[in-house]
Amino acid sequence: MDLQDAHDWFIDVLNEVSVQFQKVPGSAIFVRYVKSSYQNDPVRSAVELFLFLFAVRYLLAPKYSTSKKSYVKLTDEEIDELVDEWAPEPLVAPQTAFEEAENEKRPVIVGPTGPKSKLSNGRMVTNVASYNFYNLAGNETIKEKAIQTLRTYGVGPCGPRGFYGTQDVHMKVEADIATHLGTSACIVYAQAFSTISSVIPAFSKRGDIIVADEAVNFAIRKGIQISRSSIRWYKHNDMEDLQNVLASVVKEQARKPLTRRFIITEGLFENIGDTVNLVKVVELKHRYKFRLILDETWSFGVLGRTGAGVTEHQGVNVREVDMLVGSLAGPLCAGGGFCAGSNEIVEHQRLSASAYTFSAALPAMLATTASEVLSMLETNGEMLSQIRENIKTMWAQLDPRSEWVQCTSAMENPIMILALKPEVVASRKLGVADQEQLLQEMVDEALANSVLMTRLKSMPRGINITAKEVGWELQPALKVCITTGLTRKEIERTGAVIRHAITKVMKARR
């Protein structure tokens, strides 16, 4: 059969099929529908024909059972043997000998916390281990206000803010904070730690990008972990490295779907004590189109002319910060935390932030205390000037006069972080455990001379976590908290005791 014969045969077959198809009832309607609907579009017709054939094939395919047991059946004896052999992984790592020894001799304060505190063994000590910066724990005005609130509102609202937990004092403290900072709105949480760890996952989800300082505190790290976002770290307070990371992220995402992008940093760093270069961060935020989450847990109530935080301290418009998070439990001696920003930012959290939605509201007594302290900061400038004078006095006793330690904190920070100097660590080849042992001996020596201070402590590593997986690690250090409850001479004496304790321990361990 030549090509012409084959062509004629094919045409005859098509004609016969067409004749037979036209004999089928409704065939004319079907042909007319196809021509009018698809306008003789062969590609679309072919696709729908394929889908039709696929549906027929799927319906005619043999059935199979989804409940068919494909696992090995074990006997009761084998099950019991496996249960006996199984050992659950511990929730926390066992205590080290160092931790056990530290817990056994941990000092316990009896009665109220103040600049002078009484221990369970009956001794009176100078307390530079608490965040009672303005000696508000013993302020009679605040105490009387708290008692009146307790009698009016009771101990607590016993319900979340969105479910019969909101009281007028909550709305007042939110308005007071927003006014104090200069933001449009504010939302108050019941716990300081859970504030930032809820704010982050309320806005950043899986697939979004977070660029964070490698030295951020543990609460921020938990929030980042909960968000399941892609995380990129930059070197601590290194603006050049931050710029490189932001540029790298923008380049990587150029041809990808648009995602939300955040920069997360602290005002005063909890683990280092220094301040962020907020002016530069805001500049980079605008240049690379990122949102900024600023944690002012330790800078709110401390930095600035009225204690409004690092934005006031560095002259940055607070509206340049998308989410400003702070604590009411540290410098303000109240409780809870807050997030300030635009109305949209705040209202979104009332339904999306887990710590706000599912936690009982802040006790009215603590809300009233926070409002009262904010009023004091705005009207009584001597509170801030006095704490800064005491900080300078303590600095003069420790940082320039000690050959062993250096202070990594900013001059305005009432929490002095005292770490061993790099040359001391290098010359003595001190590891992290060695440094922690030396610092604990310094704490014990100071306590023997009636000065209570503490060490900077980080969360322990997870079980079977390697150093590579941990990444940035906290450098062991002493933590000395300054308070206005001590006179200049008492500060000088306390600083001298700490300096001599450091010298004595270091010389004894040559």
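This is a predicted model: local features need pLDDT of at least 70, side-chain atom pairs count only at pLDDT 80 or more; totals for chains, interfaces and linings use all residues.
**Figure 1. Glutamate 174 and arginine 350 form a salt bridge between two helices.** How far apart are the closest N and O atoms of glutamate 174 and arginine 350? They are 3.4 Å apart, and the two residues form a salt bridge. Glutamate 174 belongs to helix H8 (residues 168-181) and arginine 350 to helix H14 (residues 343-352), so this pair ties together parts that are 176 residues apart in sequence. Is glutamate 174 buried or exposed? Glutamate 174 counts as buried, at 7% relative accessibility. Arginine 350, on the other hand, is partly exposed, with a relative accessible area of 22%. The cut-off matters for this pair: buried means under 20% relative accessible area, so the 7% of glutamate 174 puts it in the buried class, while the 22% of arginine 350 makes it partly exposed.

**Figure 2. The glutamate 174 and arginine 350 pair is part of a network.** Arg161, Glu174, Glu347 and Arg350 are linked in a network of salt bridges. Across the model, the count of salt bridges comes to 15.

**Figure 3. Aspartate 208 and arginine 260 pair up from two loops.** Aspartate 208 forms a salt bridge with arginine 260, and their closest N and O atoms are 3.0 Å apart. Aspartate 208 lies in the loop between helix H9 (192-203) and strand E5 (209-213), and arginine 260 lies in the loop between helix H11 (239-252) and strand E7 (261-266), so the pair ties together parts that are 52 residues apart in sequence. Which class does each partner fall in? Aspartate 208 counts as buried, with 5% relative accessibility. Arginine 260 is partly exposed, its relative accessible area being 36%.

**Figure 4. Helix H9 is mostly covered, and serine 198 is part of it.** How many of the twelve residues of H9 are buried? Ten of them are. Among the buried residues of H9 are Ser194, Ile196, Val199, Ile200 and Phe203. Serine 198 is found in this helix too, and at 4% relative accessibility serine 198 counts as buried. What does serine 198 touch, leaving aside its neighbours within four places in sequence? Serine 198 is in contact with Tyr189, Ala353, Ser354 and Ala355.

Figure 5. Asparagine 135 has a phi near 55 degrees, a positive value in a residue other than glycine. Look for asparagine 135 in the loop between strand E3 (124-127) and helix H6 (140-153); at 26% relative accessibility, it counts as partly exposed. Serine 450 is not a glycine either, yet its phi is positive, at about 70 degrees. Where is serine 450? Its place is in the loop between helix H19 (432-448) and strand E13 (451-452). Serine 450 is partly exposed, with 24% relative accessible area.

**Figure 6. Stepping back to the protein chain.** The secondary structure here comes to 21 helices and 15 strands. A compact globule of 510 residues would have a radius of gyration near 24 Å, but this chain has 33 Å. Along the principal axes, its C-alpha atoms fill a box of roughly 115 × 60 × 50 Å. Buried residues make up 42% of the 510 residues. Of the contacts between residues at least 6 apart in sequence, 67% join residues at least 24 apart. The accessible surface of the chain is about 28,300 Å², and 56% of it belongs to carbon and sulfur atoms. As for charge, the chain has 58 positive and 59 negative charges, with mean positions 4 Å apart.

Terms used. Residues are numbered from 1 along each chain as its sequence is written. Side-chain values use heavy atoms; hydrogens and water are left out. A salt bridge is a side-chain nitrogen of Lys or Arg within 4 Å of a carboxyl oxygen of Asp or Glu. Helices (H or I, at least four residues) and strands (E, at least two) are DSSP runs, numbered from the N terminus. Buried means under 20% relative accessible area, exposed over 50%, partly exposed in between (1.4 Å probe, protein chains only). The radius of gyration is taken over C-alpha atoms; the globule rule is 2.2 Å times the number of residues to the power 0.38. Contact means heavy atoms within 4.5 Å. Accessible areas come from the Shrake-Rupley method with a 1.4 Å probe; for residues, only the protein chains shown count as cover. Lys and Arg count as positive and Asp and Glu as negative; His and the chain ends are not counted. The place of a charge is taken as NZ of Lys, CZ of Arg, CG of Asp or CD of Glu.
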